[in-house]
Amino acid sequence: MTLDTAHNIAGHQMEAPVSQHHVLLGFLRQLRYVVACIVVGIFFIYLAGKVIPSPNMDGTRVLAAGPAISLVAELVMLGGLVAAIVIGTLLTWPDAPHAGLFIASVGLIFLACHWGPITLLLALHHTNRVEAYRTLALQNIFWIFYILIGEVLSRGIYELIGSRNWPLYLGLPWPIRPHGTNADVATADYPSFADVLVDNIPNRPFGRRMAQNLLAFITTLFVAAIILFLLLKSQQPGQAIFACSLTFAAAAFVSSTVAPQADAWVIWITPPVLAAIGGFMAPHVAQPYPAHSGLFLMRTLPVYYSSAGLAGAIFGYYAALRMHFRRFMEATDSNPSA
């Protein structure tokens with residue numbers, strides 16, 4: 001054994017504990033998300049059980065109305081959203097600003113599974129499908145409001161207790177200082193919610209902002225409709241969760257890349273909007289056989305769109321965020337004089 005070999009072996013032995021330490025920290029960081037999702041999921045099931053009758057007791061009414069069954073149920077579910085976001089943010093602190101909203105959306109999947117598929121509703125309303133679909137479409141008004149409240153809470157809570165260095169926890173450089181300037185922020189106009197982190201983000205022209213939001217909204221709906229057509233082939237809860245989460249992850253990734261200056265909330269509301277569109281279109285599509293929707297968009301309840309769909313959208317949005325920063329850094333490294 002040479003002297004160099006001995007030095008290399010010694011070096012590897014010294015680095016091993018450090019590597020194991022980082023692996024352990026990474027495991028614990030991911031474990032927090034699992035624990036947070038389970039805690040919030042159990043919380044939502046308990047909360048809904050107190051204000052919304054069990055599907056076994058009154059399946060038609062519950063599946064059709066969901067939280068919109070009464071004002072009390074709506075207020076309690078909105079209060080539950082506040083608690084879920086706070087719990088998710090605290091358990092995942094100091095991760096990204098929408099970590100709490102992501103935890104809340106995944107926790108809501110537990111409640112969706114508890115309510116079951118759309119099949120029971122369609123079977124009980126086989127003589128009045130138009131009214132059933134219309135009720136489901138209108139239910140999405142609640143879910144849109146629910147998501148917008150969640151976005152506002154995410155911004156407010158994270159600004160109070162969050163860390164301005166959250167991109168570092170995602171493996172991204174922050175702040176980015178372009179060569180030849182004194183800027184504290186990346187020159188690229190992304191992400192739009194960076195004003196949560198710093199105070200000197202330049203204001204975007206109103207017209208350009210509206211154009212970017214409209215482009216992101218239409219792109220997300222278009223991409224999501226195509227992917228749902230390919231994936232949502234049955235009315236089973238597992239199929240709905242898989243299809244909605246993967247669909248809106250891909251759609252949000254595409255729209256965030258195409259329209260990087262769009263506001264995040266524009267992407268967040270697309271799942272219930274698409275579900276509402278499906279509710280109004282479904283009565284005009286014949287059922288292939290009883291208790292099964294002929295329109296692929298209505299093969300699941302709106303709650304699956306607003307839980308698995310929203311979780312997927314957040315995941316896809318942050319995936320685009322990572323790709324954006326990586327491209328920016330690679331471009332900066334390849335052109336130091338820029």
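Tutor: Start with accessibility: buried means under 20% relative accessible area, exposed means over 50%, and partly exposed is in between (1.4 Å probe, protein chains only). This is a predicted model: local features need pLDDT of at least 70, side-chain atom pairs count only at pLDDT 80 or more, and totals for chains, interfaces and linings use all residues. Residues are numbered from 1 along each chain as its sequence is written, and side-chain values use heavy atoms, with hydrogens and water left out.

Student: Okay. How many salt bridges does the structure hold?
Tutor: Three. A salt bridge here is a side-chain nitrogen of Lys or Arg within 4 Å of a carboxyl oxygen of Asp or Glu.

Student: Why can side chains pair up at all?
Tutor: Side chains of opposite charge can pair when their charged atoms come close.

Student: Which side chain does Asp-95 meet?
Tutor: Arg-32, with 3.2 Å from N to O. Asp-95 sits in the loop between α3 (71-92) and α4 (99-115), while Arg-32 is in helix α1 (residues 3-51), so this pair ties together parts that are 63 residues apart in sequence. Helices like these are DSSP runs (H or I, at least four residues), numbered from the N terminus.

Student: Is Asp-95 buried or exposed?
Tutor: Buried, at 3% relative accessible area.

Student: What about Glu-151, which residue is its partner?
Tutor: Arg-155. Their closest N and O atoms are 3.0 Å apart. Both are in helix α6, four residues apart, so about one helical turn separates them.

Student: Which residue pairs with Glu-131?
Tutor: Arg-134, and their closest N and O atoms are 3.9 Å apart. Both lie in helix α6 (residues 129-161), three residues apart, about one turn of the helix. Glu-131 is partly exposed, at 36% relative accessible area. Arg-134 is partly exposed too, at 43%.

Student: Cys-37, buried or exposed?
Tutor: Cys-37 counts as buried, at 11% relative accessibility. Cys-113 is partly exposed, with a relative accessible area of 40%.

Conventions: Helix = DSSP H or I, 4+ residues; strand = E, 2+ residues; numbered from the N terminus.
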